Amino acid sequence: MIIGIDLGTTNSTVSVWQDGRAVLIPNALGDLLTPSAVSIDDAGALLVGFAARERQSTHPDRTATAFKRYMGTRHVTKLGGVAFTAEDLSAIVLGRLKADAEAYLGTTVSEAVITVPAYFNDRQRKATRRAGELAGLQVRRLLNEPTAAALAFGIQDCADREPFLVFDLGGGTFDVSIVEMFDGVVEVRASAGDNRLGGEDFNDAIMALARTRLDLAAMEALAAPALVHEIMRAAAERTRRALSDAAQAPFQVTIAGVQFETIVSAAEFEAQAAGLIERLRDPVLRSLRESDTRVDLLSEIVLVGGATRMPVVRKAVTRMFSRFPNASVHPDHAVGLGAAVQAALLAKDAALDEIRLSDVCPFSLGVDTTERDARGALHGGLFSPVIERNTPIPASRISYFRTLADNQREVQFGIYQGEAREVRNNIKLGEITVPVPPRPAGMVGVECRFSYDSSGLLEVDVHVPETGMTRNLVILDEVDAMTERDVAQRRELLAALKYHPREEAANAALLARAARCYESFIGAERERIGHGTLEFQAALERQDPRGIRIAHGQLSGLLDTLEGERFL
Ligand code: ADP
Ligand code: MG
């Protein structure tokens with residue numbers, strides 16, 4: 001059994017192909033979305049998902065969210081004194097999703113398809129695959145998120161389709177793909193995106209607005225700046241969501257019992273977010289250009305990702321394409337459902353017999369070279385693409401090079417990803433050095449082969465035909481060079497952490513939410529929350545199932561009344 005996982009910046013899902021269709025699997029709370037959040041409680045136990053996210057404003061130094069932004073870097077997040085990389089935190093979320101799938105399916109699960117932003121680079125992809133391994137999952141395929149959404153959309157009726165555009169704006173990343181369906185082949189013709197653009201940036205815009213109007217110094221006199229920042233961020237998120245349904249919304253924070261409030265109108269938000277909206281255009285134009293698609297020939301604009309719910313984004317999309325977007329796929333579910341479709345394709349499910357998927361490499365990959373100008377002067381550090389962006393994958397290409405100096409003893413290649421002419425403006429992935437026999441300049445040839453697989457993972461080898469010598473890509477980062485043993489060790493380390501029991505997820509989630517609400521309300525309302533929490537905790541301590549059920553219902557009912565239904 002291969003499960004599908006959408007490991008999002010904000011929310012994740014786990015899915016499976018069952019009885020001829022893709023289904024999302026509910027977590028221990030019965031929710032289909034699991035917040036990508038990890039927190040450590042005072043007893044040192046890990047909380048994952050909703051409960052963890054609720055602790056973000058009450059325990060910012062023990063809680064991590066949006067860590068996908070650090071995937072593939074050495075950035076470390078300390079939670080209650082323990083250091084975690086984005087990879088570790090992702091592994092913890094993946095482990096929980098795996099457990100949810102196992103509980104639902106009643107069997108162990110060891111294989112997965114995990115989605116990644118199309119714009120994820122080689123390091124970020126390798127880090128994601130390792131996170132899967134750390135969670136005890138063999139990652140059968142990394143699937144580009146917009147491609148997954150296209151699969152979920154295209155598979156609905158399996159009919160031929162003119163090119164359509166998938167517009168995926170999530171919490172931290174933006175991806176665009178142009179896809180066509182013909183004779184059962186789902187073909188991605190081009191992908192483009194922005195790795196650092198999503199709902200979080202729109203929160204920053206609201207916070208920037210609020211900061212100009214509220215007394216930040218007064219807030220920071222009441223609480224530590226990090227805590228103030230977290231509380232402001234959570235408030236910005238609420239304001240932004242409220243603005244999806246109203247022309248204006250309050251921005252409201254309570255710090256140590258003191259309330260700060262301002263009203264933000266949709267127009268003000270739109271003006272503040274104009275720069276972000278502008279950044280949506282470039283990837284769209286690039287994907288159209290590179291797939292040779294005229295905008296008026298697009299059959300549909302498919303919106304995916306929670307942040308496409310923002311009216312400012314919808315307006316911008318409608319303006320960009322002069323038409324209304326298609327809303328037939330669920331923006332939060334499409335990527336996850338597509339992952340389950342890909343899992344079924346790998347498992348060769350009979351229902352999908354006729355379907356094939358063809359994807360592209362969304363960026364160029366190449367090496368650095370030195371070129372000689374007309375006067376014979378040398379210019380180093382120039383990018384020479386080996387695989388150009390939007391090449392169908394898997395792909396394998398060879399470029400040929402010659403030595404530059406007399407009696408040169410070795411040839412060194414820097415491996416880069418990007419589009420800039422000067423390699424220093426691209427992302428360096430690694431290096432290869434290969435020895436060559438001493439000869440006059442230009443007399444030794446070197447072949448450089450790039451192989452890019454269906455998961456978007458790169459392998460590079462260089463070959464000197466004269467000596468038969470071959471060398472493989474040497475990865476820069478020692479973090480990247482983790483061996484089987486390192487992975488096993490890291491896994492043991494993660495396994496040694498205490499987890500909050502899955503059966504108690506609902507109780508932990510309610511306690512975390514009540515703690516957050518207690519801090520954000522004052523007066524009689526706060527008192528009622530305190531009282532409800534006490535009753536609930538007392539029932540938990542008595543381990544009285546009926547009492548727990550009743551107190552749980554009362555407390556969550558109270559919180560729902562006070563702040564509206566909880567949102568995911
Ligand atoms: P990811 O795939 O990165 O996890 P999602 O697709 O789950 O992201 O989208 C998360 C983003 O969607 C968040 O930034 C969240 O604020 C935003 N979002 C969700 N619902 C709404 C809404 N009703 N209005 C505005 N933004 C929303
Ligand atoms: Mg997503």
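Modeller: A term first: a polar contact is a pair of N or O atoms within 3.5 Å. Please also keep in mind that this is a predicted model.

Biologist: How far is an oxygen atom of ligand 1 from a polar backbone atom of Thr9?

Modeller: The distance is 3.0 Å. The backbone of Ala307 also takes part, with an N or O atom 3.0 Å from an oxygen atom of ligand 1. The side chain of Glu237 places an N or O atom 2.4 Å from a ligand oxygen.

Biologist: And how much of the accessible area of ligand 1 does the protein cover?

Modeller: On its own, ligand 1 has 580 Å² of accessible area, and the protein covers 91% of that.

Biologist: How many residues surround ligand 1?

Modeller: There are 17, and the closest are Thr10, Gly171, Glu237, Arg240 and Ser244. By class, 11 are polar, four are charged and two are nonpolar. Helix 7 (residues 225–242) gives the largest share of this shell, three residues.

Biologist: Which domains does the shell draw on?

Modeller: At least three residues come from each of domain 1 (2–197 + 280–360) and domain 2 (199–275). The chain also has domain 3 (365–467) and domain 4 (502–565).

Biologist: Changing topic, how far apart are the centres of domain 2 and domain 4?

Modeller: Their C-alpha centres lie 26 Å apart. Each of the two domains gives four residues to the contact.

Biologist: What area do domain 2 and domain 4 bury between them?

Modeller: They bury about 360 Å², with 47% of it on carbon and sulfur atoms. On the domain 2 side, Arg238, Thr254 and Gly257 supply 75% of the area buried against domain 4.

Notes:
Residues numbered from 1 in each chain as written. Chains lettered and ligands numbered in written order. Predicted model: local features only at pLDDT ≥ 70, side-chain atom pairs only at ≥ 80, totals over all residues. Heavy atoms only, no water. Near = heavy atom within 4 Å. Polar contact = N/O pair within 3.5 Å; in protein donor to acceptor, adjacent residues only side chain to side chain. Areas by Shrake-Rupley, 256 points an atom, 1.4 Å probe, with all protein chains shown as cover. Helix = DSSP H or I, 4+ residues; strand = E, 2+ residues; numbered from the N terminus. Nonpolar A, V, L, I, M, F, W, Y, C, P; charged D, E, K, R; others polar. Domains from an automatic or database assignment. Contact = heavy atoms within 4.5 Å. Buried area = accessible area lost by both parts, 1.4 Å probe.
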